[in-house]
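This report covers the fold, the packing and one surface feature of a single chain. The sequence and model come first.

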Amino acid sequence: MNRRPSLPIYFALATMASAACSANSGETPTSQYRVVKNLFPDSVQAVDLLFVIDDSNSMRENQESLAAWAENELFGVLGMPDGSPLDLHVAVVSTNVGAGSFAIAGCEADGDNGRFLQGSAGAACSSSGPFLIDVDDGIGGRTQNFTGTLGEAFACHAQLGVSGCGFEQPLEAMKRALDGSNSENANFLRPEALLAVVVVSDEDDCSAADNEVF
(Lines give C-alpha, C1' and ligand atoms only; values in the text may rest on other atoms or scores of the structure.)
Protein backbone atom coordinates (compact mmCIF):
# COMPACT_ATOMS: atom_id res chain seq x y z
CA MET A 1 0.00 0.00 0.00
CA ASN A 2 1.37 3.40 -0.94
CA ARG A 3 2.01 5.77 1.94
CA ARG A 4 1.67 9.33 0.71
CA PRO A 5 2.94 12.35 2.63
CA SER A 6 1.02 15.57 2.75
CA LEU A 7 3.17 18.45 1.52
CA PRO A 8 1.40 21.73 2.25
CA ILE A 9 2.03 24.82 0.14
CA TYR A 10 2.01 27.94 2.30
CA PHE A 11 0.89 31.37 1.21
CA ALA A 12 1.87 34.62 2.91
CA LEU A 13 -1.10 36.93 3.24
CA ALA A 14 0.74 40.04 2.23
CA THR A 15 1.00 42.41 -0.68
CA MET A 16 4.59 42.42 -1.86
CA ALA A 17 5.93 45.22 -4.07
CA SER A 18 6.96 44.30 -7.59
CA ALA A 19 10.52 45.52 -7.86
CA ALA A 20 13.69 45.06 -9.83
CA CYS A 21 16.08 42.42 -8.58
CA SER A 22 18.46 44.99 -7.11
CA ALA A 23 15.85 46.93 -5.15
CA ASN A 24 14.71 46.24 -1.60
CA SER A 25 11.04 46.96 -0.97
CA GLY A 26 11.32 46.63 2.80
CA GLU A 27 7.86 45.09 3.02
CA THR A 28 7.19 42.13 5.31
CA PRO A 29 4.26 39.73 5.64
CA THR A 30 1.50 41.20 7.78
CA SER A 31 -0.46 38.01 8.52
CA GLN A 32 0.15 34.39 9.37
CA TYR A 33 0.88 31.77 6.75
CA ARG A 34 -1.92 29.41 5.80
CA VAL A 35 -2.13 26.18 3.81
CA VAL A 36 -3.64 26.78 0.37
CA LYS A 37 -3.12 23.33 -1.16
CA ASN A 38 -1.93 19.89 -0.15
CA LEU A 39 0.03 17.84 -2.68
CA PHE A 40 0.26 14.07 -2.49
CA PRO A 41 3.25 12.60 -4.37
CA ASP A 42 2.93 8.85 -4.82
CA SER A 43 5.02 6.45 -2.76
CA VAL A 44 7.19 9.06 -1.05
CA GLN A 45 8.35 8.59 2.52
CA ALA A 46 11.46 10.81 2.41
CA VAL A 47 11.88 14.48 1.50
CA ASP A 48 15.04 16.52 0.92
CA LEU A 49 13.93 20.06 1.77
CA LEU A 50 16.09 22.99 0.65
CA PHE A 51 15.35 26.54 1.79
CA VAL A 52 16.91 29.35 -0.28
CA ILE A 53 16.73 32.40 1.98
CA ASP A 54 17.32 36.02 1.01
CA ASP A 55 19.91 37.57 3.34
CA SER A 56 19.83 41.11 1.96
CA ASN A 57 19.19 44.11 4.19
CA SER A 58 15.36 44.15 4.04
CA MET A 59 14.90 40.58 5.23
CA ARG A 60 15.38 40.64 9.01
CA GLU A 61 11.69 40.54 9.93
CA ASN A 62 10.98 37.97 7.22
CA GLN A 63 13.68 35.67 8.58
CA GLU A 64 12.37 36.08 12.11
CA SER A 65 8.83 35.33 10.92
CA LEU A 66 10.03 32.23 9.08
CA ALA A 67 11.87 30.99 12.15
CA ALA A 68 8.82 31.47 14.37
CA TRP A 69 6.56 29.76 11.82
CA ALA A 70 8.93 26.80 11.59
CA GLU A 71 9.09 26.38 15.35
CA ASN A 72 5.31 26.50 15.75
CA GLU A 73 3.83 24.98 12.59
CA LEU A 74 5.92 23.84 9.63
CA PHE A 75 7.38 20.53 10.69
CA GLY A 76 4.31 19.56 12.68
CA VAL A 77 2.25 19.31 9.49
CA LEU A 78 4.84 17.48 7.40
CA GLY A 79 4.03 13.83 7.90
CA MET A 80 2.43 10.65 6.63
CA PRO A 81 -1.36 10.22 6.65
CA ASP A 82 -1.02 7.72 9.51
CA GLY A 83 0.68 10.39 11.63
CA SER A 84 4.22 9.03 11.34
CA PRO A 85 6.94 11.56 10.45
CA LEU A 86 8.69 11.79 7.11
CA ASP A 87 12.38 11.02 6.77
CA LEU A 88 13.76 14.54 6.34
CA HIS A 89 16.96 16.21 5.23
CA VAL A 90 16.66 20.01 5.67
CA ALA A 91 19.25 22.50 4.38
CA VAL A 92 19.56 26.27 4.11
CA VAL A 93 21.45 28.38 1.57
CA SER A 94 21.46 32.13 1.03
CA THR A 95 20.63 34.01 -2.18
CA ASN A 96 24.14 35.53 -2.13
CA VAL A 97 26.38 34.21 -4.90
CA GLY A 98 28.22 37.49 -5.36
CA ALA A 99 28.34 39.81 -8.36
CA GLY A 100 31.34 38.58 -10.29
CA SER A 101 34.36 40.86 -10.31
CA PHE A 102 32.42 43.99 -9.38
CA ALA A 103 33.26 45.67 -6.07
CA ILE A 104 29.74 45.87 -4.63
CA ALA A 105 29.31 45.86 -0.86
CA GLY A 106 27.98 42.53 0.34
CA CYS A 107 28.51 40.93 -3.07
CA GLU A 108 32.20 40.12 -2.90
CA ALA A 109 33.57 37.20 -4.94
CA ASP A 110 31.11 34.27 -5.06
CA GLY A 111 29.31 35.15 -1.84
CA ASP A 112 28.11 32.01 -0.06
CA ASN A 113 28.24 30.17 -3.39
CA GLY A 114 25.38 27.78 -2.59
CA ARG A 115 27.05 26.32 0.50
CA PHE A 116 24.77 25.00 3.22
CA LEU A 117 24.66 27.46 6.12
CA GLN A 118 23.93 27.20 9.83
CA GLY A 119 22.64 30.65 10.68
CA SER A 120 24.65 33.85 10.59
CA ALA A 121 28.34 34.01 11.39
CA GLY A 122 28.89 33.16 15.02
CA ALA A 123 25.52 31.44 15.46
CA ALA A 124 25.62 28.53 17.89
CA CYS A 125 23.12 26.15 16.34
CA SER A 126 22.58 22.76 17.97
CA SER A 127 23.24 20.64 14.88
CA SER A 128 26.40 18.71 14.12
CA GLY A 129 26.37 18.83 10.31
CA PRO A 130 25.84 21.22 7.40
CA PHE A 131 22.20 20.12 7.05
CA LEU A 132 19.59 18.75 9.44
CA ILE A 133 18.81 15.02 9.54
CA ASP A 134 15.65 13.52 11.04
CA VAL A 135 15.09 9.95 9.82
CA ASP A 136 13.72 6.63 11.05
CA ASP A 137 16.46 4.61 12.75
CA GLY A 138 14.79 1.30 11.92
CA ILE A 139 14.22 0.27 15.54
CA GLY A 140 11.35 2.54 16.51
CA GLY A 141 13.29 5.76 17.10
CA ARG A 142 14.78 8.62 15.13
CA THR A 143 18.30 9.36 13.94
CA GLN A 144 18.89 13.10 14.38
CA ASN A 145 21.96 15.33 14.27
CA PHE A 146 20.56 18.11 16.45
CA THR A 147 19.22 18.64 19.95
CA GLY A 148 15.78 20.01 20.74
CA THR A 149 13.07 19.93 18.09
CA LEU A 150 13.59 20.05 14.34
CA GLY A 151 11.72 23.36 14.25
CA GLU A 152 14.07 24.88 16.81
CA ALA A 153 17.15 23.65 14.97
CA PHE A 154 15.86 24.94 11.64
CA ALA A 155 14.97 28.31 13.18
CA CYS A 156 18.64 28.75 14.07
CA HIS A 157 19.81 27.73 10.59
CA ALA A 158 17.29 30.02 8.87
CA GLN A 159 18.33 33.32 10.49
CA LEU A 160 21.20 34.22 8.18
CA GLY A 161 21.48 37.90 8.99
CA VAL A 162 21.03 40.74 6.52
CA SER A 163 24.51 41.57 5.23
CA GLY A 164 24.22 39.59 2.00
CA CYS A 165 24.24 40.78 -1.60
CA GLY A 166 21.38 43.03 -2.76
CA PHE A 167 21.48 41.28 -6.15
CA GLU A 168 19.56 38.21 -4.98
CA GLN A 169 20.11 35.08 -7.08
CA PRO A 170 18.01 32.30 -5.54
CA LEU A 171 17.86 30.12 -8.66
CA GLU A 172 21.63 30.23 -9.17
CA ALA A 173 22.17 29.56 -5.45
CA MET A 174 19.84 26.56 -5.67
CA LYS A 175 21.74 25.22 -8.69
CA ARG A 176 25.12 25.54 -6.96
CA ALA A 177 23.74 23.94 -3.80
CA LEU A 178 22.56 20.85 -5.66
CA ASP A 179 24.86 20.37 -8.67
CA GLY A 180 27.72 18.71 -6.77
CA SER A 181 30.10 21.68 -6.99
CA ASN A 182 30.11 22.09 -3.17
CA SER A 183 31.70 19.02 -1.60
CA GLU A 184 30.49 20.10 1.85
CA ASN A 185 26.89 19.67 0.63
CA ALA A 186 27.47 15.98 -0.13
CA ASN A 187 24.91 13.35 0.94
CA PHE A 188 22.02 15.79 1.17
CA LEU A 189 20.25 14.44 -1.91
CA ARG A 190 18.94 10.87 -1.68
CA PRO A 191 17.76 8.87 -4.70
CA GLU A 192 14.62 7.71 -2.91
CA ALA A 193 13.61 11.17 -1.65
CA LEU A 194 11.39 13.86 -3.09
CA LEU A 195 13.29 17.15 -3.54
CA ALA A 196 11.37 20.24 -2.41
CA VAL A 197 12.82 23.76 -2.73
CA VAL A 198 11.40 26.79 -0.92
CA VAL A 199 12.58 30.29 -1.87
CA VAL A 200 12.09 32.97 0.80
CA SER A 201 12.68 36.44 -0.64
CA ASP A 202 11.05 39.84 -1.11
CA GLU A 203 12.61 40.42 -4.55
CA ASP A 204 12.63 39.03 -8.07
CA ASP A 205 15.35 36.56 -9.02
CA CYS A 206 18.45 38.21 -10.45
CA SER A 207 20.39 35.11 -11.55
CA ALA A 208 22.46 35.98 -14.61
CA ALA A 209 24.63 34.04 -17.02
CA ASP A 210 26.65 37.21 -17.68
CA ASN A 211 27.83 39.13 -14.61
CA GLU A 212 28.17 42.30 -16.66
CA VAL A 213 24.53 43.06 -15.79
CA PHE A 214 25.71 44.00 -12.30
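Residues 24 or more positions apart account for 77% of the contacts in the chain with a separation of 6 or more, a contact being heavy atoms within 4.5 Å. The model is predicted, so local features need pLDDT of at least 70 and side-chain atom pairs count only at pLDDT 80 or more, while totals for chains, interfaces and linings use all residues. Residues are numbered from 1 along each chain as its sequence is written, and side-chain values use heavy atoms, with hydrogens and water left out.

Three helices and seven strands make up the secondary structure, in the order β-β-β-α-β-β-β-α-α-β along the sequence. Helices (H or I, at least four residues) and strands (E, at least two) are DSSP runs, numbered from the N terminus. Of the 214 residues in the chain, 43% are buried; buried means under 20% relative accessible area, exposed over 50% and partly exposed in between (1.4 Å probe, protein chains only). The accessible surface (Shrake-Rupley method, 1.4 Å probe) comes to about 10500 Å², with 50% of that belonging to carbon and sulfur atoms.

A nonpolar core is a set of buried Ala, Val, Leu, Ile, Met, Phe, Trp, Tyr and Cys residues joined through side-chain atoms within 4.5 Å. The largest such core includes F51, L66 and F154 among the residues with the most contacts inside it. The elements giving two or more residues to this core are β3, α1, β4 and α2. Apart from it lies another core, with L50, V97, A177 and F188 among its members.

| Core | Residues | Including |
|---|---|---|
| Largest | 26 residues | I53, F75, V90 |
| Other | 10 residues | L50, A177, F188 |

Beyond its neighbours within four places in sequence, F154 is in contact with F51, L66, A70, F75, V90, V92 and L132.

In helix α3 (residues 170–178), the residues P170, E172, A173, R176 and A177 are buried. These cover an arc of only 160 degrees around the axis, which puts them on the same side of α3; the arc is that of the directions from the helix axis to the C-beta atoms. The buried residues of α3 pack against β3 (46–53), β4 (87–94) and β7. G180 follows α3 and has a positive phi, near 90 degrees.

Strand β7 (residues 194–200) contains V199. Because its relative accessibility is 41%, V199 counts as partly exposed.
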